[in-house]
Amino acid sequence: MAQVSDHYDGSAPSYHEQYDPEKIWTNAEYPANYFRLNKVMRILKSRNVASVYELGAAEGSPIIRIAQELGVNVRASDLSSEMVRLGKENFQRNGLDPDLHTQVDINDRDAVRAEADRVGQFDAVIALGVIPHVEDDAWFVEAMSLFLKPGGTLILQFRNAMFSMFTFNRLTKEFILDDLMAPIGQQFKDQVAHDLDQRLAVDKPPKREWDKDAPAYDEILARFHNPFELSDVVAQQGFVDVSFTWYNFHPTYPMIAGGIDPTEYRRQQIELEDDESWRGMFLCSAGMIVATRAA
Ligand SMILES: C[S@@+](CC[C@H](N)C(=O)[O-])C[C@H]1O[C@@H](n2cnc3c(N)ncnc32)[C@H](O)[C@@H]1O
(Lines give C-alpha, C1' and ligand atoms only; values in the text may rest on other atoms or scores of the structure.)
Protein backbone atom coordinates (compact mmCIF):
# COMPACT_ATOMS: atom_id res chain seq x y z
CA MET A 1 0.00 0.00 0.00
CA ALA A 2 1.32 3.46 -0.95
CA GLN A 3 2.10 6.20 1.57
CA VAL A 4 -0.81 8.55 2.39
CA SER A 5 1.56 11.54 2.43
CA ASP A 6 2.80 10.76 -1.12
CA HIS A 7 -0.76 10.89 -2.46
CA TYR A 8 -1.48 14.22 -0.76
CA ASP A 9 1.91 15.76 -1.62
CA GLY A 10 0.98 15.01 -5.25
CA SER A 11 -2.54 16.46 -5.07
CA ALA A 12 -1.56 19.61 -3.11
CA PRO A 13 -1.12 22.04 -6.05
CA SER A 14 -4.63 21.46 -7.47
CA TYR A 15 -6.37 20.79 -4.15
CA HIS A 16 -8.00 24.23 -3.97
CA GLU A 17 -9.97 23.66 -7.22
CA GLN A 18 -12.65 21.58 -5.50
CA TYR A 19 -13.49 24.59 -3.31
CA ASP A 20 -13.79 27.03 -6.23
CA PRO A 21 -17.48 28.06 -6.53
CA GLU A 22 -16.91 28.85 -10.23
CA LYS A 23 -16.13 25.18 -10.87
CA ILE A 24 -19.15 23.56 -9.21
CA TRP A 25 -20.69 22.75 -12.61
CA THR A 26 -17.52 22.21 -14.62
CA ASN A 27 -15.29 20.09 -12.35
CA ALA A 28 -15.01 16.60 -13.85
CA GLU A 29 -15.30 15.10 -10.38
CA TYR A 30 -18.38 16.10 -8.34
CA PRO A 31 -17.18 18.76 -5.85
CA ALA A 32 -18.67 17.06 -2.81
CA ASN A 33 -16.21 18.72 -0.46
CA TYR A 34 -17.51 22.14 -1.47
CA PHE A 35 -20.95 21.17 -0.14
CA ARG A 36 -19.38 19.53 2.91
CA LEU A 37 -17.65 22.79 3.79
CA ASN A 38 -20.89 24.79 3.43
CA LYS A 39 -22.57 22.35 5.80
CA VAL A 40 -19.68 22.54 8.29
CA MET A 41 -19.86 26.34 8.28
CA ARG A 42 -23.61 26.28 8.92
CA ILE A 43 -23.06 23.99 11.92
CA LEU A 44 -20.22 26.12 13.33
CA LYS A 45 -22.28 29.28 12.89
CA SER A 46 -25.35 27.79 14.55
CA ARG A 47 -23.19 26.90 17.56
CA ASN A 48 -21.63 30.37 17.81
CA VAL A 49 -18.08 29.04 17.95
CA ALA A 50 -15.26 31.57 18.22
CA SER A 51 -12.30 29.26 17.59
CA VAL A 52 -11.73 26.21 15.36
CA TYR A 53 -8.85 23.71 15.07
CA GLU A 54 -8.63 21.57 11.94
CA LEU A 55 -6.75 18.26 11.92
CA GLY A 56 -5.68 17.19 8.42
CA ALA A 57 -6.30 20.66 7.00
CA ALA A 58 -4.52 20.12 3.66
CA GLU A 59 -3.33 23.40 2.11
CA GLY A 60 -5.77 25.44 4.15
CA SER A 61 -8.54 26.16 1.62
CA PRO A 62 -11.41 25.14 3.95
CA ILE A 63 -10.09 26.58 7.22
CA ILE A 64 -9.16 29.89 5.56
CA ARG A 65 -12.73 30.21 4.30
CA ILE A 66 -14.03 29.38 7.77
CA ALA A 67 -11.77 32.08 9.27
CA GLN A 68 -12.83 34.68 6.72
CA GLU A 69 -16.57 34.01 6.54
CA LEU A 70 -17.21 33.27 10.21
CA GLY A 71 -14.62 35.65 11.67
CA VAL A 72 -13.29 32.98 14.06
CA ASN A 73 -9.76 32.23 15.29
CA VAL A 74 -8.28 29.20 13.56
CA ARG A 75 -5.33 26.84 13.74
CA ALA A 76 -4.54 23.82 11.62
CA SER A 77 -2.17 20.94 10.99
CA ASP A 78 -1.56 18.25 8.37
CA LEU A 79 0.68 15.26 7.67
CA SER A 80 1.79 16.22 4.16
CA SER A 81 4.81 18.52 3.99
CA GLU A 82 3.69 19.86 0.61
CA MET A 83 0.18 20.62 1.89
CA VAL A 84 1.64 22.46 4.89
CA ARG A 85 4.15 24.38 2.73
CA LEU A 86 1.36 25.57 0.39
CA GLY A 87 -0.93 26.08 3.38
CA LYS A 88 1.50 28.51 4.98
CA GLU A 89 1.65 30.46 1.71
CA ASN A 90 -2.15 30.49 1.49
CA PHE A 91 -2.50 31.63 5.10
CA GLN A 92 -0.08 34.50 4.45
CA ARG A 93 -1.79 35.49 1.19
CA ASN A 94 -5.08 35.70 3.07
CA GLY A 95 -3.78 37.82 5.93
CA LEU A 96 -3.35 34.96 8.43
CA ASP A 97 -0.16 34.12 10.31
CA PRO A 98 1.52 31.20 8.47
CA ASP A 99 2.60 29.76 11.83
CA LEU A 100 -1.06 28.90 12.47
CA HIS A 101 -0.60 25.91 10.13
CA THR A 102 1.90 23.22 11.10
CA GLN A 103 2.98 19.68 10.24
CA VAL A 104 1.66 16.95 12.58
CA ASP A 105 1.03 13.25 11.94
CA ILE A 106 -2.07 12.16 13.88
CA ASN A 107 -0.51 8.70 14.26
CA ASP A 108 2.36 10.23 16.23
CA ARG A 109 0.77 10.44 19.67
CA ASP A 110 3.59 12.40 21.30
CA ALA A 111 3.51 14.97 18.49
CA VAL A 112 -0.28 15.34 18.79
CA ARG A 113 -0.08 15.79 22.58
CA ALA A 114 2.74 18.33 22.19
CA GLU A 115 0.70 20.26 19.60
CA ALA A 116 -2.39 20.25 21.86
CA ASP A 117 -0.30 21.53 24.80
CA ARG A 118 1.17 24.24 22.55
CA VAL A 119 -2.07 25.55 21.02
CA GLY A 120 -4.62 24.96 23.82
CA GLN A 121 -8.31 24.17 23.47
CA PHE A 122 -10.89 25.37 20.92
CA ASP A 123 -14.66 25.76 20.67
CA ALA A 124 -14.72 23.33 17.73
CA VAL A 125 -12.43 20.70 16.23
CA ILE A 126 -12.97 19.43 12.71
CA ALA A 127 -11.39 16.53 10.80
CA LEU A 128 -12.74 16.21 7.25
CA GLY A 129 -11.47 13.45 4.98
CA VAL A 130 -8.83 12.32 7.46
CA ILE A 131 -10.09 9.36 9.54
CA PRO A 132 -10.26 7.15 6.38
CA HIS A 133 -6.44 7.30 6.35
CA VAL A 134 -5.85 6.33 10.00
CA GLU A 135 -6.05 2.83 11.56
CA ASP A 136 -7.00 3.58 15.16
CA ASP A 137 -10.44 5.19 15.45
CA ALA A 138 -10.44 5.49 19.24
CA TRP A 139 -7.10 7.31 19.22
CA PHE A 140 -8.28 9.54 16.37
CA VAL A 141 -11.32 10.72 18.37
CA GLU A 142 -9.22 11.05 21.53
CA ALA A 143 -6.76 13.18 19.55
CA MET A 144 -9.63 15.44 18.41
CA SER A 145 -10.88 15.79 22.00
CA LEU A 146 -7.42 16.97 23.20
CA PHE A 147 -7.97 20.17 21.20
CA LEU A 148 -11.54 20.69 22.39
CA LYS A 149 -12.93 22.65 25.33
CA PRO A 150 -15.54 20.88 27.46
CA GLY A 151 -18.89 21.64 25.79
CA GLY A 152 -17.12 22.16 22.44
CA THR A 153 -18.18 20.79 19.07
CA LEU A 154 -16.60 17.86 17.20
CA ILE A 155 -17.22 17.46 13.47
CA LEU A 156 -15.81 14.18 12.18
CA GLN A 157 -16.17 13.20 8.51
CA PHE A 158 -16.14 9.55 7.41
CA ARG A 159 -16.65 7.49 4.23
CA ASN A 160 -20.04 5.85 4.68
CA ALA A 161 -20.03 2.04 4.61
CA MET A 162 -23.86 2.03 4.44
CA PHE A 163 -23.73 3.54 0.96
CA SER A 164 -22.70 0.08 -0.22
CA MET A 165 -26.34 -1.00 0.27
CA PHE A 166 -27.19 1.25 -2.71
CA THR A 167 -24.25 0.46 -5.00
CA PHE A 168 -25.03 -3.16 -5.95
CA ASN A 169 -21.37 -3.86 -6.71
CA ARG A 170 -18.25 -5.37 -5.11
CA LEU A 171 -18.62 -3.02 -2.12
CA THR A 172 -22.13 -4.38 -1.47
CA LYS A 173 -20.78 -7.93 -1.51
CA GLU A 174 -17.94 -7.04 0.88
CA PHE A 175 -20.28 -5.20 3.28
CA ILE A 176 -22.81 -8.06 3.36
CA LEU A 177 -20.20 -10.78 3.89
CA ASP A 178 -17.71 -8.98 6.16
CA ASP A 179 -20.00 -6.74 8.23
CA LEU A 180 -23.67 -7.67 8.03
CA MET A 181 -23.02 -11.43 8.15
CA ALA A 182 -20.04 -11.21 10.52
CA PRO A 183 -21.62 -13.43 13.22
CA ILE A 184 -22.99 -15.98 10.70
CA GLY A 185 -21.29 -19.30 9.80
CA GLN A 186 -18.92 -19.70 6.84
CA GLN A 187 -21.15 -22.13 4.93
CA PHE A 188 -23.94 -19.52 4.85
CA LYS A 189 -21.50 -16.87 3.76
CA ASP A 190 -20.19 -19.11 0.97
CA GLN A 191 -23.77 -19.61 -0.30
CA VAL A 192 -24.47 -15.90 -0.20
CA ALA A 193 -21.12 -15.07 -1.85
CA HIS A 194 -21.91 -17.45 -4.70
CA ASP A 195 -25.40 -15.96 -5.11
CA LEU A 196 -24.21 -12.36 -4.95
CA ASP A 197 -21.66 -13.05 -7.68
CA GLN A 198 -24.65 -13.60 -10.02
CA ARG A 199 -26.72 -10.63 -8.83
CA LEU A 200 -24.18 -7.85 -8.31
CA ALA A 201 -21.67 -6.04 -10.51
CA VAL A 202 -18.73 -7.43 -8.57
CA ASP A 203 -16.26 -6.13 -11.19
CA LYS A 204 -17.14 -2.55 -10.15
CA PRO A 205 -16.16 0.05 -9.07
CA PRO A 206 -13.03 0.43 -11.20
CA LYS A 207 -9.92 1.74 -9.47
CA ARG A 208 -9.57 5.53 -9.64
CA GLU A 209 -6.55 6.43 -11.72
CA TRP A 210 -6.59 10.18 -11.97
CA ASP A 211 -3.19 10.70 -10.36
CA LYS A 212 -0.31 10.06 -12.72
CA ASP A 213 2.64 11.35 -10.68
CA ALA A 214 1.57 10.18 -7.23
CA PRO A 215 -0.20 7.13 -5.80
CA ALA A 216 -3.97 7.25 -6.53
CA TYR A 217 -6.56 7.47 -3.73
CA ASP A 218 -7.36 3.75 -4.08
CA GLU A 219 -3.71 2.87 -3.54
CA ILE A 220 -3.52 4.39 -0.04
CA LEU A 221 -5.31 3.42 3.16
CA ALA A 222 -8.81 4.92 2.66
CA ARG A 223 -11.24 3.10 4.96
CA PHE A 224 -15.03 3.20 5.03
CA HIS A 225 -16.72 3.44 8.42
CA ASN A 226 -19.96 2.01 9.70
CA PRO A 227 -21.76 5.10 11.07
CA PHE A 228 -23.21 3.19 14.04
CA GLU A 229 -19.83 1.80 15.08
CA LEU A 230 -18.04 5.12 14.66
CA SER A 231 -20.68 7.02 16.63
CA ASP A 232 -20.21 4.45 19.45
CA VAL A 233 -16.48 5.22 19.43
CA VAL A 234 -17.26 8.94 19.68
CA ALA A 235 -19.67 8.38 22.60
CA GLN A 236 -17.09 6.16 24.36
CA GLN A 237 -14.56 9.00 24.14
CA GLY A 238 -16.79 11.22 26.28
CA PHE A 239 -19.04 12.93 23.72
CA VAL A 240 -22.79 13.56 24.02
CA ASP A 241 -25.56 14.65 21.61
CA VAL A 242 -24.00 12.52 18.86
CA SER A 243 -25.74 12.97 15.48
CA PHE A 244 -25.13 12.41 11.76
CA THR A 245 -25.26 14.71 8.79
CA TRP A 246 -24.77 13.48 5.21
CA TYR A 247 -23.28 14.78 1.96
CA ASN A 248 -22.11 13.57 -1.46
CA PHE A 249 -25.55 12.36 -2.53
CA HIS A 250 -25.95 9.87 -5.36
CA PRO A 251 -29.36 10.13 -7.07
CA THR A 252 -28.75 6.74 -8.73
CA TYR A 253 -26.20 4.06 -7.97
CA PRO A 254 -22.95 5.20 -9.59
CA MET A 255 -22.65 2.46 -12.21
CA ILE A 256 -25.73 3.70 -14.14
CA ALA A 257 -25.09 7.42 -13.66
CA GLY A 258 -23.35 7.60 -17.05
CA GLY A 259 -26.71 6.97 -18.77
CA ILE A 260 -28.14 10.28 -17.51
CA ASP A 261 -27.46 13.78 -18.84
CA PRO A 262 -24.47 15.00 -16.74
CA THR A 263 -25.89 18.47 -16.07
CA GLU A 264 -29.24 17.05 -14.97
CA TYR A 265 -27.45 14.51 -12.80
CA ARG A 266 -25.35 17.18 -11.12
CA ARG A 267 -28.40 19.42 -10.63
CA GLN A 268 -30.14 16.56 -8.81
CA GLN A 269 -27.05 15.86 -6.73
CA ILE A 270 -26.76 19.49 -5.67
CA GLU A 271 -30.47 19.71 -4.82
CA LEU A 272 -30.17 16.63 -2.62
CA GLU A 273 -27.34 18.14 -0.57
CA ASP A 274 -30.00 20.00 1.47
CA ASP A 275 -31.82 16.77 2.39
CA GLU A 276 -31.50 16.16 6.14
CA SER A 277 -33.63 13.00 6.25
CA TRP A 278 -32.61 9.38 6.92
CA ARG A 279 -32.03 8.87 3.16
CA GLY A 280 -28.54 10.27 3.42
CA MET A 281 -27.41 7.18 5.30
CA PHE A 282 -27.89 5.16 2.09
CA LEU A 283 -27.69 7.72 -0.74
CA CYS A 284 -24.50 9.39 0.51
CA SER A 285 -20.98 8.08 0.13
CA ALA A 286 -19.87 10.22 3.05
CA GLY A 287 -21.18 11.68 6.27
CA MET A 288 -20.15 13.60 9.35
CA ILE A 289 -20.64 12.96 13.03
CA VAL A 290 -21.46 16.08 15.02
CA ALA A 291 -21.06 15.78 18.78
CA THR A 292 -20.46 17.78 21.94
CA ARG A 293 -17.61 17.12 24.35
CA ALA A 294 -19.19 16.41 27.72
CA ALA A 295 -18.78 19.40 30.05
C1 LIG B 1 -9.10 14.49 1.84
S2 LIG B 1 -7.91 15.60 2.49
C3 LIG B 1 -8.95 16.68 3.40
C4 LIG B 1 -8.36 18.02 3.61
C5 LIG B 1 -9.26 19.02 4.31
N6 LIG B 1 -9.59 18.56 5.66
C7 LIG B 1 -10.53 19.30 3.55
O8 LIG B 1 -11.59 19.29 4.17
O9 LIG B 1 -10.48 19.56 2.36
C10 LIG B 1 -7.15 14.63 3.75
C11 LIG B 1 -6.00 15.33 4.45
O12 LIG B 1 -5.63 14.56 5.60
C13 LIG B 1 -4.24 14.55 5.71
N14 LIG B 1 -3.83 13.37 6.48
C15 LIG B 1 -3.89 12.08 6.13
N16 LIG B 1 -3.37 11.29 7.08
C17 LIG B 1 -2.98 12.12 8.09
C18 LIG B 1 -2.33 11.92 9.33
N19 LIG B 1 -1.95 10.70 9.74
N20 LIG B 1 -2.07 13.00 10.11
C21 LIG B 1 -2.43 14.26 9.69
N22 LIG B 1 -3.02 14.50 8.51
C23 LIG B 1 -3.29 13.46 7.71
C24 LIG B 1 -3.76 14.51 4.27
O25 LIG B 1 -2.41 14.92 4.13
C26 LIG B 1 -4.75 15.42 3.57
O27 LIG B 1 -4.30 16.75 3.49
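**Chatting about helix α4 and its surroundings**

Q: What do the buried residues of α4 pack against?
A: They pack against α1 (4–11), α3 (61–70), β2 (73–78) and β3 (101–103). Contact here puts two C-beta atoms, placed from the backbone, within 7 Å. Helices (H or I, at least four residues) and strands (E, at least two) are DSSP runs, numbered from the N terminus.

Q: Where does this model come from, and how are residues numbered?
A: It's a predicted model, where local features need pLDDT of at least 70, side-chain atom pairs count only at pLDDT 80 or more, and totals for chains, interfaces and linings use all residues. Numbering starts from 1 along each chain as its sequence is written.

Q: OK, back to α4. Which of its residues are buried?
A: Glu82, Met83, Val84, Leu86, Gly87, Lys88, Asn90 and Phe91. Buried means 20 or more other C-beta atoms, placed from the backbone, within 10 Å of the residue's own.

Q: How many residues does α4 have, and how far does it reach?
A: α4 covers residues 81–93, so to speak 13 residues, and reaches 18 Å from its first C-alpha to its last. That is close to the 18 Å expected at 1.5 Å a residue (1.5 Å times one less than the number of residues).

Q: What follows α4?
A: Glycine 95 follows α4, and its phi is positive, near 80°.

Q: New topic: which residues are buried in α7?
A: In α7 (residues 170–180), Leu171, Thr172 and Lys173 are buried.

Q: And what do those pack against?
A: The buried residues of α7 pack against α8 (186–199).

Q: Zooming out, how many helices and strands are there in the protein?
A: The protein has 11 helices and 8 strands. Its C-alpha atoms fill a box of roughly 55 × 40 × 35 Å, taken along the principal axes.

Q: How much of the protein is buried?
A: Buried residues make up 39% of its 295 residues.

Q: What about contacts between residues at least 24 apart in sequence?
A: Take the contacts between residues at least 6 apart in sequence: 72% of them join residues at least 24 apart.

Q: Which domains does the assignment give?
A: Domain 1 (4–163 + 207–293) and domain 2 (168–204), with bounds from an automatic or database domain assignment. Domain 1 brings 4 residues to the contact between them, and domain 2 brings 6 residues.

Q: How far apart are the C-alpha centres of the two domains?
A: The C-alpha centres of domain 1 and domain 2 lie 30 Å apart.

Key:
Buried ≥ 20, exposed ≤ 12 C-beta atoms within 10 Å, placed from the backbone.
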